[in-house]
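Hello,

I am handing over the structure below, with notes on what was found in it. Please read the notes with the model open.

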Amino acid sequence: MITKQETGKSYKRPVKGISTFIGKKTNILIKTYGRPSRIDSSAYDYDWWIYNHNDKKYFQAGVENGKVVTIFAIGNDLGIQPFRIGEKVEDIYKSILLNTEILVNYNKGYYRFELSEEDLNIRPLIKLGDIFAQLSLDKFTGTLSSIRFMNKETLIKQRPYEMVYRGELIKPKEPDDAQWNVIEKGSEQQIFDLTNIIRERFKLNKLEWDSNVAQVAYQHSEDMFKEQYFSHESPKYGDLAKRLETAHVFYQLAGENIAAQYLDGPAAVEGWLNSEGHRKSLLEKGFTHLGVGVYQKYYTQNFIEKSWK
C-alpha cells in the first residue's frame, strides 16, 4: 500500500553548484556557461544541451519548455555539491543515509521507487529538497564516477528503478522513427565523448572516431533490435571479426561492448564501466579508434587498433 506521505531521508537542496540550475530558465544557464556545443534530442521530452568544451567540466543539461529539468555531470572540475566527482564511496556514506524506498508525491499521484541491493551499490538515489540525485558509483575504484540531478517529473518519466504508483502514470511521448534517428545520433556522440573522458581519467590515449566502424556498430544494434536477440554474434552477419571484414575495416586489435534497455547513452557507459569485461574494452590502451552505433535502446561500441595495411 502506498501512503500519501513522502518517505526516504531528504537532505537540503544545495544552494551552490550545478544542481541549482534545475528549474531555471535557459537564459540563466547561458549566462553562466555560454551556449552549448550542440543540442541532442532525448527520448524523454527534453533536449540535451551538451557542454563538452572542456572534458574536466563536461555536463549535459536536459531542457524542456525552456527550463532545465535534469543535468548529467561527469567533469572532474564541476561543482556538484554536496558531492564531488572522484569522491570515495565511504566518505559519501559518512554524510548520506541511503534508502531502499523513496516515495514521491506529484500532481495528486504517488510513486514509490524501490531500490535493489545492486541499485544501492552502484546507482543510489538521494532526495535533495525538491530534486533528486542519482549517483553513478565506480565499484572497481570505490569512487563517484558521475551524477544525474533531476526534478520529480523527469524521475517518474524515466523510471530508473522498480516503481509502484497510484494515480496517473506519467510517460514521455513515444518518438516516431524520424525522431528516434535523431536521438540515436546524439546518443552515439555522447557515448563517444564520455568514453574519452573516462579514458583520460585513467591517463589513457583518447580514441578517434571511425565512421566505417561506427556503421558496423550501428548495423549490429539495429540487427539485435529487429531480430530480438542480444549477443556479440549475429545469426546473419557473424561475430565482430566477420562484420569488420565484411566492411573492409583493417585492424590489429578489436573489441566490442553491447548494451540494451539502458535509459540513454550516459547510463549505458556507466553500466559498461561497472562490468569487468566491458570495462577492459573501455580502458584498453592499445585501441586507437572507436565507432558507436545506437538503435533505439540498443547500444554497440566497436573499438579497434587501426592497421594501415
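This is a predicted model: local features need pLDDT of at least 70, side-chain atom pairs count only at pLDDT 80 or more; totals for chains, interfaces and linings use all residues.

The contact (heavy atoms within 4.5 Å) draws 29 residues from domain 1 and 25 residues from domain 2.

Residues are numbered from 1 along each chain as its sequence is written, and side-chain values use heavy atoms, with hydrogens and water left out.

About 2100 Å² is buried between domain 1 and domain 2, with 52% of that area from carbon and sulfur atoms. Buried area is the accessible area (1.4 Å probe) that two parts lose on being put together, summed over both.

Four salt bridges cross the interface of domain 1 and domain 2; the rule asks for a side-chain nitrogen of Lys or Arg within 4 Å of a carboxyl oxygen of Asp or Glu. Arg148 and Asp264 form a salt bridge through their side chains, at 2.8 Å from N to O. On the side of domain 1 that touches domain 2, strands E2 (38-41), E3 (47-51), E9 (131-138) and E10 (143-150) each provide at least two residues. Strands here are DSSP runs (E, at least two residues), numbered from the N terminus.

Regards

Key: Helices (H or I, at least four residues) and strands (E, at least two) are DSSP runs, numbered from the N terminus.
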